[in-house]
Amino acid sequence: MDNKMGTEKMSRLILTTGVPLMLSLLINSLYNFVDSIFVSRIAEDALTAISLSAPVQMIVSALGLGNAVGLNAAISKALGEKNDKKVSKVASAAIFIAVCEWILISIVCLLAVRWYFAWQSGGNEMIAKYGCDYLSICMLFSLGQMGQWVFDRFVIASGKSHLFLFTLSAASVTNLILDPVFIFALNMGTKGAAIATVLGQFIGAFAGIYINRRWNKEIPFKFTLHPDVSSIKDIIRVGFPSTLVQVVTSFVNVAMNTILLEFSSTAVAVYGVCCRMQGICTVPVHGINNGIIPIVAYNYGARLKERVKESIRYAIADSVILYIPLLLVLLIFPDKVMMLFKASETMTGIGVSAVRIFAFVWLVSIPNLVISSALQGLSRANPSMLLTMLRQAVLPLVLVYILSGTGQINLIWLAFVIAEILVIYPAVMIWKKEYGKVCK
């Protein structure tokens, strides 16, 4: 029986693949978003602390993301080629990589977390304490998160995106229930937020194992200490650029926090809120993007090049249409958004402009995001990495550094809009060049 990735009408396939991912990503994004809302009720210093934690959490997620992107492309391509043996080898290699990543994260946590907050907290001992309590637990118990990345992508790669919803639902519902219990009922503060998060991630990982064993038998997997080396190389070759980009982006966020601290710790909290909001507001876009990676990879492997081009057109159009309602909400009600985080008058004053400007950032980023995802599906990892580095790291940091000299914080937010606009033309040119190489 033919896989729907290569046969279903593209206008329908984009949505049937992307919508379940959107729902799943929405639920997943509630992790950090809900943590921020609850933590803001503790104190503004606590909100600032988890904002400072975000770049390090991005590095942790980057490791899982790289593994996920690599295995997604490798497995989807093997499925398109009908190479069942390769599918099994890639799946087992991905699990091995996830365990190695968790060990590395734990070692880094023990060596660097306290030093990091001593540096980034600006001498505020409460911010440092809140941050260490939160981040240490998230890192030391990150095995659940690494596992979730793997088992979720198994179902995405095989075209069963609707199953992804159940794993993340299990994880996020657990987090939503436990957050107020640990934070307030048990009076554990930011420690409680972290415990609720990691417990949710473990529940999600266990749900992923069960769902794949029960309903996704296209991808057999097992844990082994002797994984297939060529499969590890395939995963790393495609996924490492995504990891590198996220790591570099996290350092950009560290630099951003350092610059914003020159204005105030409240500015850091506002930036953190916007980063958390991005996870919620860009769910439609990222759902479509995550969905087209296996679609492009499968049709590339099956040599259906016209379907590859068609997927890009529908992905951009659908992303814009789905984002417009969220854009209007952010433009019209930015003050209501800040109220979710119990913002002070000063924080609201800074946050209203920031929310409106970042709303445009996320709109302008859509073509760049779609093209980067499509390049990953073609296993053209380096061009994808170049585009993402430009739009998320190099240009924003350079522009922020220049504009910070004006002393106008709104110009710092505008730097992100300018960066996205400057990358659109190079992104289109790179796509045409790379598509021409692999789809002759």
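Me: What does Lys86 form a salt bridge with?
Reply: Lys86 pairs with Asp234, and their closest N and O atoms are 2.8 Å apart. A salt bridge here is a side-chain nitrogen of Lys or Arg within 4 Å of a carboxyl oxygen of Asp or Glu. Keep in mind that this is a predicted model: local features need pLDDT of at least 70, side-chain atom pairs count only at pLDDT 80 or more, and totals for chains, interfaces and linings use all residues. Residues are numbered from 1 along each chain as its sequence is written, and side-chain values use heavy atoms, with hydrogens and water left out.

Me: Where do Lys86 and Asp234 sit in the chain?
Reply: Lys86 is in helix α3 and Asp234 is in helix α8 (residues 229-261), so the pair links distant parts of the chain, 148 residues apart. Helices are DSSP runs (H or I, at least four residues), and strands are too (E, at least two), numbered from the N terminus.

Me: Is Lys86 buried or exposed?
Reply: Lys86 counts as buried because its relative accessibility is 19%. Buried means under 20% relative accessible area, exposed over 50%, and partly exposed in between (1.4 Å probe, protein chains only).

Me: Which residues are linked in a network of salt bridges?
Reply: Lys86, Asp234 and Arg237 are linked that way.

Me: And how many salt bridges does the count come to?
Reply: The count is 5. One of them joins Asp133 and Lys129, with the closest N and O atoms 3.0 Å apart. Those two are 4 residues apart in helix α4 (residues 125-140), so about one helical turn separates them. Asp133 is buried at 17% relative accessible area, while Lys129 is partly exposed at 47%.

Me: New topic: which residues touch the most other members of the largest nonpolar core?
Reply: Ile75, Phe154, Leu260, Leu330, Phe358, Trp413 and Trp431, out of 117 residues in that core. Helix α3 (residues 84-120) gives the largest share, 14 residues. A nonpolar core is a set of buried Ala, Val, Leu, Ile, Met, Phe, Trp, Tyr and Cys residues joined through side-chain atoms within 4.5 Å.

Me: What does Phe154 touch?
Reply: Its contacts include Leu71, Ile75, Ala91 and Ile95, not counting residues up to four places away in sequence. Contact means heavy atoms within 4.5 Å.

Me: What about Ser311, buried or exposed?
Reply: Ser311 is buried, at 0% relative accessibility. This serine is found in helix α11, and among the residues it touches are Met10 and Ile14.

Me: And where is Val329?
Reply: Val329 lies in helix α11, which covers residues 305-332. With a relative accessible area of 40%, Val329 is partly exposed.
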